Amino acid sequence: MASTYTVTKEQILSISGVDPLKCMRCGKCSATCPSYDEMEYHPHQFVAMVEKGEIEKLMDSPSIYKCMSCMACIQRCPRQVEPAKLVEAIRLGVTRQQERNHLKPDDIPALLDPELPQQAIVSAMRKYTK
Amino acid sequence: MKYSYFPGCTLKNKAQELDRYGRDAAAALGIELEELPQWQCCGGVYPLSHDEIAIKLSSVRALAAARDDGAALVTLCSACHNVIKQVNHDMQTDDYVITRVNNYLAEDGIAYNGETKVLHYLELLRDEIGFDEIKQKVAAPLKGQKIGAYYGCLLLRPSGVMAMDDPEHPMIMEDLIAALGAQPVVYAQRNECCGGYLTLEDKSIPEKRAAAILENARAQGAETIITACPLCYYNLKKHAAGTGVEVKYFTELLAQALGVKEGE
């Protein structure tokens, strides 16, 4: 589903507090990302694409729902760029729009199993829903 | 010694053993964990965007309540710890967050500026009690057991804020394992993610992560791995069958070694 509203590069930079110009393109964020194989665009590409203003492409990519928020890229970036904050800002650019939640409360019952901890549901709702 | 205690939603439900063994072990060590009379879910994940304010309020309410009780706030679940410690750091350092959070909370008569000390249960063991002291109190040493620590993400990162241990070469859980009389096993995947909340939508991703973690632990000789996180526990345990590695909460082994595990 294409984006309903335009979200600007400036908005993403403001929400995230990230400065993509600090990136020296070493690729360590993507090399250490445990979700690398699941993503269409990888953490280093989020940084480069935001810098180029390619926000819409990122907003339309399922990659924004594959970040585990493990903070490996945040911890290990030698330039403190913190790519996961861009992934989060782009995702918020989508979920803050009307009817654009990735997960709805009605979806939850079918996803439960008897051992699933509450923490998983709360965390996923926080990440996928506004 | 008395501490305020924030158990969190999961420890009241699917992770009751993590909580019960933790409380029993604390009592055996002469530590009084007093559960906050009122608390709300921490939200499970710290918001990575700078402009999210409302979802930090439950953490701040717990932090302010602990301050008013004059006690440090102890957490046990890795996720609660990560959220509450990061929010506390915001309330000490970030004027944007401090102003807005206090604007919300003024209605409840709360003003908070990061006064509370937040301790994870592991820090309580290491820094307040001391592993030497714990070693003295071990009644049933876990002799011969080869145990790997599984830190995951939330205990250590971001290290500048969490400040529990070296984010790439942590020792706190290995030192605890040794104090309990077992042999700590170090393996590379111990601080790599289990797949986290992605498990709600797609079990295949945590399955791959769990396989990598469990195989690596097994290859280094671990028979058991221990965690402080209910979600890591779930993702790892779900895929542990047939790997030869058992997954346990660290408080279970602590209670066992102290001789206070139920039925022993």
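Student: What does the secondary structure of chain B come to?

Tutor: In this predicted model, chain B comes to eleven helices and eight strands.

Student: What makes chain B as compact as a globular protein of its length?

Tutor: Set the value against the rule: the radius of gyration of chain B is 18 Å, and the globule rule gives 18 Å for 264 residues, so chain B is as compact as a globular protein of that length. Its C-alpha trace spans about 55 × 40 × 30 Å along the principal axes. Of its 264 residues, 54% count as buried. Among the contacts in chain B with a separation of 6 or more, 75% are between residues 24 or more positions apart.

Student: Why is helix 2 of chain B called roughly perpendicular to helix 3 of chain B?

Tutor: Two packed helices are described by the angle between their axes and the distance between the axes. Here helix 2 (residues 57-69) and helix 3 (residues 78-93) of chain B have axes that come within 9 Å and cross at roughly 80°. Angles of 65 to 115 degrees count as roughly perpendicular, and that makes helix 2 of chain B roughly perpendicular to helix 3 of chain B.

Student: Which residues meet where helix 2 and helix 3 of chain B touch?

Tutor: From helix 2 of chain B come B:Ser59, B:Val60, B:Ala62 and B:Leu63, and they meet B:Val83, B:Ile84, B:Val87, B:Asn88 and B:Met91 of helix 3 of chain B. By class, that contact has seven nonpolar, two polar and no charged residues.

Student: Let's turn to the contact between the chains. How many residues does each chain give?

Tutor: Chain A gives 30 residues and chain B gives 34 residues. On the side of chain A that touches chain B, two or more residues come from each of helix 1 (9-16), helix 5 (72-76), helix 6 (83-95) and helix 7 (118-128) of chain A. Helix 7 of chain A gives the most, with nine residues. By class, this side of chain A has 17 nonpolar, seven polar and six charged residues.

Student: What makes helix 7 of chain A largely enclosed?

Tutor: Ten of its eleven residues are buried, so helix 7 of chain A is largely enclosed by the rest of the structure. Among the buried ones are A:Gln119, A:Ile121, A:Met125 and A:Tyr128. The buried residues of helix 7 of chain A pack against helix 6 of chain A, together with helix 3 and helix 10 (230-238) of chain B.

Student: A:Lys127 lies in helix 7 of chain A. How do you know whether A:Lys127 is buried or exposed?

Tutor: Count the C-beta atoms. A residue is buried if 20 or more other C-beta atoms lie within 10 Å of its own; A:Lys127 has 26 within 10 Å, so A:Lys127 is buried. Leaving aside neighbours within four places in sequence, A:Lys127 is in contact with A:Ser69, B:Val45 and B:Tyr197. The C-alpha atoms of A:Lys127 and A:Pro62, 65 residues apart along the chain, are separated by 13 Å.

Student: And what makes helix 6 of chain A mostly covered?

Tutor: Twelve of its 13 residues are buried, including A:Leu86, A:Ile90 and A:Val94. What covers the buried residues of helix 6 of chain A includes helix 1, helix 2 (28-32), helix 3 (43-52), helix 4 (55-59) and helix 5 of chain A.

Student: How does the span of helix 6 of chain A compare with what is expected, and what is that span?

Tutor: From first C-alpha to last, helix 6 of chain A reaches 19 Å, close to the 18 Å expected at 1.5 Å a residue.

Definitions and conventions
Residues numbered from 1 in each chain as written. Chains lettered and ligands numbered in written order. Predicted model: local features only at pLDDT ≥ 70, side-chain atom pairs only at ≥ 80, totals over all residues. Contact = placed C-beta atoms within 7 Å. Helix = DSSP H or I, 4+ residues; strand = E, 2+ residues; numbered from the N terminus. Nonpolar A, V, L, I, M, F, W, Y, C, P; charged D, E, K, R; others polar. Expected span 1.5 Å × (residues − 1). Axes fitted to C-alpha atoms, helices over the stretch in contact; angles between N-to-C directions. Parallel < 35°, antiparallel > 145°, perpendicular 65-115°, else oblique. Rg over C-alpha atoms; globule rule 2.2 N^0.38 Å.
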